[in-house]
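Thanks for coming. I will go through one structure today, residue by residue where that helps. Please have the sequence and the model open.

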Amino acid sequence: MEIIQKYLATWNATDAVARKELIAEVFTTDVRYTDPLADVTGHEQLDGLLAAVQGQFAGLEFRLGGAVDAHHDIARFTWHLGPRDGEPIVIGFDVVELADGRIAKVFGFLDKVPGGAA
């Protein structure tokens, strides 16, 4: 599913300008992202969250951990965060809700988190 690939690309975009452009393309203006460690709304807060995560996990990459399961305007998928060619350090599971082809809500779950990362 292309929107999920773009979603992960926003998490991997370390250039602030490119990241903001991706956020505007992929997410509704009132997007809400919620996981056990964060609850943000809107492009500006989401950008701040992505930048903070990139700072904490510099040099690591988000990628799909398996197939995307989708129906109607909802998709769920597992993602991995780790070195490009290595084992994931963090594993999570997200459910996204789409509106007009963009992501309106993200419900994130963390399945594997290293000690001290939370």
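First, a term: a residue is called buried under 20% relative accessible area, exposed over 50%, and partly exposed in between, with a 1.4 Å probe and protein chains only. This is a predicted model, in which local features need pLDDT of at least 70 and side-chain atom pairs count only at pLDDT 80 or more, while totals for chains, interfaces and linings use all residues. Residues are numbered from 1 along each chain as its sequence is written, and side-chain values use heavy atoms, with hydrogens and water left out.

Let me begin with Thr28. Thr28 sits in strand E1; helices (H or I, at least four residues) and strands (E, at least two) are DSSP runs numbered from the N terminus. Why does Thr28 count as buried? Because its relative accessible area is 9%, and the limit for buried is under 20%. Contact here means heavy atoms within 4.5 Å. Leaving out residues up to four places away in sequence, Thr28 touches His43, Ala99, Arg102, Ile103 and Ala104.

With a relative accessible area of 40%, Arg32 is partly exposed. Setting aside neighbours within four places in sequence, Arg32 has contacts with Asp39, Val40, Thr41, Ala104, Lys105 and Val106. For Arg32 and Ile4, 28 residues apart along the chain, the C-alpha separation is 16 Å.

Next, the core. A nonpolar core is a set of buried Ala, Val, Leu, Ile, Met, Phe, Trp, Tyr and Cys residues joined through side-chain atoms within 4.5 Å. In general, nonpolar side chains in soluble globular proteins tend to be buried together. Here the largest nonpolar core holds 27 residues, and those with the most contacts inside it are Tyr7, Trp11, Phe27, Tyr33, Leu46, Leu49 and Ile103. At least two residues of this core come from each of helix H1 (2-12), helix H2 (16-26), strand E1 (27-35), strand E2 (38-41), H3, E5, E6 and E7. H1 gives the largest share, five residues.

Leu8 is buried, at a relative accessible area of 3%. Beyond four places in sequence, Leu8 contacts Phe62, Arg63, Leu64 and Trp79. The C-alpha atoms of Leu8 and Phe62 are separated by 6.1 Å, with the two residues 54 apart along the chain.

How do H1 and H3 cross? Their axes come within 8 Å and cross at roughly 65°. Axes are lines fitted to C-alpha atoms, for helices over the stretch in contact, and angles run from 0 to 180 degrees between N-to-C directions. At this crossing, Thr10, Trp11 and Asn12 of H1 meet Leu49, Leu50, Val53 and Gln54 of H3. The contact has four nonpolar, three polar and no charged residues. For these classes, Ala, Val, Leu, Ile, Met, Phe, Trp, Tyr, Cys and Pro count as nonpolar, Asp, Glu, Lys and Arg as charged, and the others, Gly among them, as polar.

Asp47 also belongs to helix H3, residues 42-56. Is Asp47 buried or exposed? Its relative accessibility is 11%, so Asp47 counts as buried. Outside four places in sequence, Asp47 is in contact with Arg19, Lys20 and Ile23.

Last, two loop residues. His72 lies in the loop between strand E4 (69-71) and strand E5 (74-82), and Asp100 in the loop between strand E6 (90-99) and strand E7 (102-112). Most residues other than glycine have a negative phi. His72, not a glycine, has a positive phi of about 50°, and Asp100, not a glycine either, has a positive phi of about 55°. His72 is exposed at a relative accessible area of 77%; Asp100 is exposed too, at 83% relative accessibility.
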